[in-house]
Amino acid sequence: METKHMCLLVITLLFLIVSIADADTSPITVKKVKGKKVCDQGWECKGWSEYCCNLTISQYFDYYQFENLFSKRNTPVAQAAGFWDYKSFITAAAIYQPLGFGTTGNKTTQMLEIAAFLAHVGSQTSCGYGVATGGPTAWGLCYNKEMSPMQDYCDESDKYKYTYPCAPGALYFGRGALPVYWNFNYGYLADCLKVDLLHHPEYLEQNATLAFQAAIFQWITPLKKGQPSPHDIMVGNWKPTKNDTLSHRIPGFGATMNILYGERTCGQGDIDDMNTIVTYYLYYLDLMGVGREQAGPHDVLTCAEQKPFNPSTTKKDSASS
């Protein structure tokens, strides 16, 4: 993956996004570029993209569905009550819809991707309260930062001393919709999003749109060259190699867990950590009207038998590790 190219695409699109509050449903404008059909749908999918010829996210996933998925997030016991909202998600998503986020394929494919992305978000930001309060799946987006961090996640080794040095007073514990840890990951996202997260990591707990933006960037960007992004997996862009097949890695929700969490979650059978994330995905599919039967069989839905893409995962392997 040419990460510099991806960063430039994101930067180019940033100035095109206008406020959702002032936007009505925009008509599709169509033209052909070098014989290829491309479209523009105004504020939500702007920039003459083939993906903008498809449904936009707000056309199949609305405010009320967002509220149903994250129904307990604004209760008094939620740490981030009042922080996360639908407007912030759609505004952030609008930056990436011209790149195919939530706009690739038919409506079912689009909804499967959004359900998968939000299932990871929900499971990683959940308070996890019990059945008496709606069950743990109702508590996604309860947090926007790590509570009681065990360390400051500052790596001062020679590898990062000159590229992403720890800023005085900055703490790099987990923050955001797909929590970001470590100075080098905040620094990398700072370069790509053009926001000074290295010196101000707290921005991810102060701005919900930015927090969603950082999460979607992680979702659509391959971790390493030659590996798929979670987005690639969910929309059918990834074709497993012979080694992938021998490692039981196949397209589906299970492989997105493999990319995001590696051996912490995958290749260990049906462990609780993996099953919890799967539960969110199935629950969200039902609430969105897709139906859990679309998730596929056990070996597609889970990563129980998959060998990790990146064995012996270390703190340096992921922005959300």
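The model you are looking at is predicted, so local features need pLDDT of at least 70 and side-chain atom pairs count only at pLDDT 80 or more, while totals for chains, interfaces and linings use all residues. Residues are numbered from 1 along each chain as its sequence is written, and side-chain values use heavy atoms, with hydrogens and water left out.

Here are the helices to look for (DSSP runs of H or I, at least four residues, numbered from the N terminus):

| Helix | Residues |
|---|---|
| helix 4 | 107-124 |
| helix 6 | 183-193 |
| helix 8 | 230-235 |
| helix 11 | 272-287 |

Let's start with helix 6, which is mostly covered: 9 of its 11 residues are buried (under 20% relative accessible area, 1.4 Å probe, protein chains only). Among them are Phe-184, Tyr-186, Leu-189 and Cys-192.

Helix 8 holds Asp-232, a buried residue without a salt bridge (a side-chain nitrogen of Lys or Arg within 4 Å of a carboxyl oxygen of Asp or Glu). The nearest side chain of opposite charge, Lys-239, is 11 Å away. Leaving aside residues up to four places away in sequence, Asp-232 touches Pro-222, Asn-237 and Trp-238 (heavy atoms within 4.5 Å).

Finally, the axes of helix 4 and helix 11 come within 8 Å and cross at roughly 135 degrees (lines fitted to C-alpha atoms over the stretch in contact, with angles from 0 to 180 degrees between N-to-C directions). Residues making this contact include Leu-112 and His-120 of helix 4, and Tyr-280 and Leu-285 of helix 11.

Definitions and conventions: Helices (H or I, at least four residues) and strands (E, at least two) are DSSP runs, numbered from the N terminus. Buried means under 20% relative accessible area, exposed over 50%, partly exposed in between (1.4 Å probe, protein chains only). Lys and Arg count as positive and Asp and Glu as negative; His and the chain ends are not counted.
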